[in-house]
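Hello,

Here is the structure I promised to pass on. My notes follow below it.

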Number of protein chains: 2
Amino acid sequence: MTVPKHSYKDIAAKKVKLRNAKFNAKWLVPEDQLPSPDTKDVLNWIESSGNLTDKELKITGSIAETILDNIKTKEWTAYDVASAFCHRASIAHQLTNCLTEVFFDEALERATELDKYYEDTGKLVGPLHGLPISLKDNFNIKGKATTVGIVNFCFNPEYFEEDAVLVKLLREQGAVFYVKTNVPVAMMMPESINHIWGNTTNPMNRLLSSGGSSGGEAALIKLKGSVIGVGSDIGGSIRIPASFQNLYAIRPTFGRFPTYGARSGLPGLESVNSVNGPLTNTLEDLELYCKSVLACEPWLHDGKCIEIPWRKVQIPEKLNIAICGDDLITRPTPPVRRGISIIKEALIKDGHDVIDWEPIDHLRLAQICTSFFLSDGGVHITKETDATGETLFPYMTNYGTSPELKVSELWKLHAERTTLIKKYLDRWLASGSLTKNGKPIDAIIMPTTPFAGNPNGKYHDSVAYTSPFNLLDYSVGIFPVTRANKDLDPVDDSSSNYTPTDTKIWRDYNPEESHGGAVALQIIGRKFQEEKVIEMLKVITKLINYSD
Amino acid sequence: MTVPKHSYKDIAAKKVKLRNAKFNAKWLVPEDQLPSPDTKDVLNWIESSGNLTDKELKITGSIAETILDNIKTKEWTAYDVASAFCHRASIAHQLTNCLTEVFFDEALERATELDKYYEDTGKLVGPLHGLPISLKDNFNIKGKATTVGIVNFCFNPEYFEEDAVLVKLLREQGAVFYVKTNVPVAMMMPESINHIWGNTTNPMNRLLSSGGSSGGEAALIKLKGSVIGVGSDIGGSIRIPASFQNLYAIRPTFGRFPTYGARSGLPGLESVNSVNGPLTNTLEDLELYCKSVLACEPWLHDGKCIEIPWRKVQIPEKLNIAICGDDLITRPTPPVRRGISIIKEALIKDGHDVIDWEPIDHLRLAQICTSFFLSDGGVHITKETDATGETLFPYMTNYGTSPELKVSELWKLHAERTTLIKKYLDRWLASGSLTKNGKPIDAIIMPTTPFAGNPNGKYHDSVAYTSPFNLLDYSVGIFPVTRANKDLDPVDDSSSNYTPTDTKIWRDYNPEESHGGAVALQIIGRKFQEEKVIEMLKVITKLINYSD
C-alpha cells in the first residue's frame, strides 16, 4: 500500500478535531481572556482568574485523602469532584496543551453511577470511590485510543477493547478516568511533543519544556487539573517531567506496579523494562496511590508482578545519604547545583551523615541503556512513522539511522549490564566504610537532569542522570527543592567541557530564560525499596518545606 | 588461529587425567569388584558391597538436619562427614560417571578447619556448619574450573578467581564443597553427556539416562554420594534429572535464589532465565536448603534477586488440584501414565478436589522457549565448540543450523510470550469455576517428561512438559511416585500420533528396558510460591509414601 506523503497531517488533524469536540464549551476560557503567550509563569492563573467556583477551587486544591473523605461524608458528591477536575483540566490544557484523550461525559456518567451506588447501598465501591485519576497516553482504556504520540496509532485501533491491568484495578477501586495526557513520539524523547498533539509547555515557565515522556501528566498535575496522575519511565520518563514541574513521583522497581496492557513505543523490549508510577503535588498523594495499587495484589492480575505487598518499614532517625552532585557527563546548570547545596546543607544541619558518591559506571550504564532502546535498529518505531509519512524529530533521528543488533550482540550487552548491576550493589553495600556509623548508605541524592526545566528544544541528548537507575532497576523518588532564580543562579564563568553535550548545555544556560523553573532532585533507594524511599521523602520534605 | 582438528580430544583427555588424579585410591573400588556393566539397578550396591564402614553408611544415609545436629553434638566431626561423602561419591562415580571436578583434599582441609573452629570457639560458623553440598558443573568455585561440558572451557579459565554468589553464601553458612557434577554440552541437552566427561547413567537402571542437564547431580544424590545438590533449570534441567532419579527438587521462580557467577551455556540470554535449585532424596532436605539460602538475604548479594524472605504459608486442608496427564504433544509412556493414576486416586481418596487441566498454549510456550535458546543462532555455543573442533551431539545440531534472530524478531516473541503469561494466569485464577469450593486451583500436577527415564540416546526433542513453566516462571516441585514395572506397564496397542516425536517415543517404549526407571511428577505452583509448593509436597508425600 502506498501512503500519500504527509497523510500524517490529515490523520492528526482529524484526531485533534475529534478530541476538541469533546471539550465542554462552558469550561473553556475564551481565547482573549487567556494569559498572553509571553506570560511565562501561569502557576497561579487558574486560582486568580475567577473561572472556577470556590467549591471547584477547594476540591481541586485538596489532597486525595480529603477528596475521598469528603465524598464519604457526602460533603461532596463524586459528580462535584469529577466536574471540578474536568473544568480545571480544561483550563490547564488551554495553558499548556497537556491533554490528548478527553472524555468528560463518561467521567461524569461514571461519577453519577458511583453517587447512585453510594446512595442506594450506603457502600463505597472501593477505597478510591470517586477519585479522578489522569493517565499518560500509553495506558489502554476500554473504548479509547492510545496514541503514545504516534500518528499511525490515532485510529489503530480507534478504541481499545480492554483496560490495561492498572486501569482495571484502579477502576475497580472506584477511580474516575477523564483524560489522558501528552507524551513525545513513542515516549522516547525528553520533551512531550509529537505530530498529533503538539508540544506541552511548562506551567512554571512556558519557555521551558514540561519534560518527557510524562510531560502532559506533569503539567496537568502542576496546575491541579489532576490530583494523582500515572506516568511511565524507561529512561527517566516519570522523573524528568516530575522534576521539571517540582512534583513528587516514584519510579518503582519493575514488578511492583502492573504494566500489562500499557502500550509501548518499543513493544517487546525487555533488556530494560518500562515501569509506571504516580506523579503528585504532595507526598500524601504519592503514598496513598502506592498503597492503593499494592492493596489490589497486582501479582494476581499481571504475570510479571511480584508478590511483595506494601510493607511498613522503619528508617533510621539519622540517615546515611550519598550525594552525587555532578555525574561528570553533563554538569548541572547553576540552579540545580544550588538545589544540591540546599539539600546537602539541610541534611547536615539536621544531623544526617552525608558522604560524596562517585558516578562510577554511570556513563557506561547510560550508554547501554541507549543501546537497548536502539537495539531493534528503530524498526518498531519507523514502521509506524513510515506508515503515515510522519517525520522523526531531531531528538529521535537515531531511531532512523542506528543499525539493528543481532541477538548475540544483545546478549553481550546483557552480560555486561548484569556485571555492572552486581558491581553497583556491592559498592552500595560496602559504603559503610565511608559512613560514620559503619552502615551502608540509605540513599543517593542526585540531580534528575542538568536543568531546572530545559528551554524548549534544548534538552540535547543526555538522560544519564536517570537512565542508569533504569538499568539497575532501583526505586527512585523525586522531590522539589526550589525554583531557578536569575539573581541566585547567574551564568558561571567556565565550562566543564566533559562532553560536547555538556558544553552545549553550558552555552545554552540563560538565567533569565530559566527563571522560575523547577529544581527537583532524585532520591535513589535500592531495588524494591519504594516504601523506604517514601519514608525518606517524609524526612526530606520536612527539611525543605517547599512551596511554589 | 587454526585449531588442529580433534584437538578437543587431547584437551578433554588432559582434563580427565587431572581429575582422575584427584580421586583417593583408598576410596575406589577395584575395577573387578564393581558390578558388571549389565547390572542395571545399582541403587543398593553401595550399601551391600561392604566398601563403606557402618559409620560412613550411617552418615551418608542421614538427612541434612541429622548430620548438622550430630556435628553440633560432636557425635560426628565435620571431617567424619566430609570423608564419608567423599568416599561414597567416589563409588557413586564409579557406578554412574557422575563427577567432573573432584577436590576431596580441599574438602577435608575445610572440614578440619571447621572442626578446629568449633573446638576452639565453641561456635559453629553458620547453620550449615560441616554440611557437604555438591554442585552442578556450572557454579564457579574459587580455584576450580567450570566446564559446563564444553571442552574449550576445561582450562579457560583453568581456575575461577571468585565463588559464584550462591557458593559464597553457602560457604559462609558452613557448607563443605567436594565435587562438581556432570552436565550435557552447554547444559542444553536432556542427557548428561559431553566430550570431556562422557555420559552419566542412571543408577536405578543404567540402560537409562540420568537426564539433563543436572544429571550428574541427580545420579550422585540418588546414590547418597551427596545429601543436597544444586542444579540449574532453563527448560527442565533440574526437573528432568530429578524425575529420572525419583528425587525431590524445586525449580524456583527467577530471583529467589542467586544466579550471579554461575556459568551459562547461553550467556546473556534473558528472554528466559536460568534458575538454580536443590535436588535431594528427602523433602526435609529440600526445605532446609531453601530456608538456608533465603536466610542469607541473597538480594543483598545478587542484584537480580528479589527481596522476598522465606515465608510461612498455610495451605488449605483439602487442595484443589488440576491434573494434566497428557500434554497432547508427546503422550507419556505407560509407567508415567500409571504414576498419574496413582496420584489422582490418592488425592481423590484423601478428599482433595481434582479437576482436569487442559494444556492450552503449552505447545506454543515450548516453541517460543526453544526459539529463545536458539535466538543467537547458536553463535555463543558454536564459537566455543569450534574453538577446539568439538562436534555437536545430535540433540544439538540445531545450534549449528538455526539462523540468528534480529532483535526486532526477538521483541515480537517477547510480546507474544507476555500475552501468553497473562492468559495463563487469568485461566489459573478463573479455575474456581471448575472447583467444588469455587476457589482457584492450588497447583497443577503433570508428568515431567514422557519417560520413566529415557533409554540412553532416545529422549528425542521434546521438553514441552517442562519448558512452558520456564517461560511462565512458575515455581515447580518434583516428587517421586513409583518405579516402572514391566508387568504393570506393558506396551500399549495404539499410538496417539500427536507428533513425529510422540510416535517415536511410543515405538521406542520397551517395558523390559525401562523396568525400574523412576516415575516422578511435577507439582506446579504460581510465581513465587515455592513455600506453598513445599507445603503441598508434604501432603503428597504422606499420601504416596514412596521408597525405592
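**Cysteines**

The sulfur of Cys154(B) lies 18 Å from the closest cysteine sulfur, which belongs to Cys98(B), and that is too far for a bond. A disulfide would need the two sulfur atoms within 2.5 Å. Keep in mind that this is a predicted model. Cys154(B) is also buried, at 0% relative accessibility.

Cys290(B) is in no disulfide either. Its nearest cysteine sulfur is that of Cys296(B), 12 Å away. Cys290(B) is buried too, with a relative accessible area of 0%. How many disulfides does the structure hold over all chains? The count is zero.

**How the two chains are related**

Chain B superposes on chain A by a rotation of 180 degrees. The shift along the axis is 0.0 Å, and the RMSD is 0.0 Å. The two copies are thus related as by a two-fold rotation axis.

Do the copies meet through the same surface or through different ones? They use the same surface, because 100% of the interface residues of chain B are also interface residues in chain A.

**The interface**

On the chain B side, 45 residues are in contact with chain A, and they touch 45 residues there. Together the two chains bury about 3,700 Å² between them. Of that area, 61% is on carbon and sulfur atoms. Which residues of chain B lose the most area to chain A? They are Tyr260(B), Val407(B) and Trp411(B). These three together make up 19% of what the chain B side buries.

Four salt bridges are counted between chain B and chain A. One of them joins Arg311(A) to Glu307(B). The closest N and O atoms of that pair are 3.9 Å apart, and the cut-off for a salt bridge is 4 Å. There are also 18 residue pairs in polar contact between chain B and chain A, with both residues at pLDDT 80 or more.

Which elements give two or more residues to the side of chain B that touches chain A? They are three helices of chain B: H12 (362-373), H13 (379-388) and H15 (407-429). H15(B) gives the most to that side, with 15 residues. Val407(B) and Trp411(B), named above for the area they lose to chain A, fall within the 407-429 range of H15(B).

Best wishes

Notes. Residues are numbered from 1 along each chain as its sequence is written. Chains are lettered from A and ligands numbered from 1 in the order in which they are written. This is a predicted model: local features need pLDDT of at least 70, side-chain atom pairs count only at pLDDT 80 or more; totals for chains, interfaces and linings use all residues. Side-chain values use heavy atoms; hydrogens and water are left out. Buried means under 20% relative accessible area, exposed over 50%, partly exposed in between (1.4 Å probe, protein chains only). Copies are superposed by least squares on the C-alpha atoms of residues with pLDDT of at least 70 in both. Contact means heavy atoms within 4.5 Å. Buried area is the accessible area (1.4 Å probe) that two parts lose on being put together, summed over both. A salt bridge is a side-chain nitrogen of Lys or Arg within 4 Å of a carboxyl oxygen of Asp or Glu. A polar contact is a pair of N or O atoms within 3.5 Å; within protein, one must be able to donate a hydrogen and the other to accept it, and residues adjacent in sequence count only if both atoms are side-chain atoms. Helices (H or I, at least four residues) and strands (E, at least two) are DSSP runs, numbered from the N terminus.
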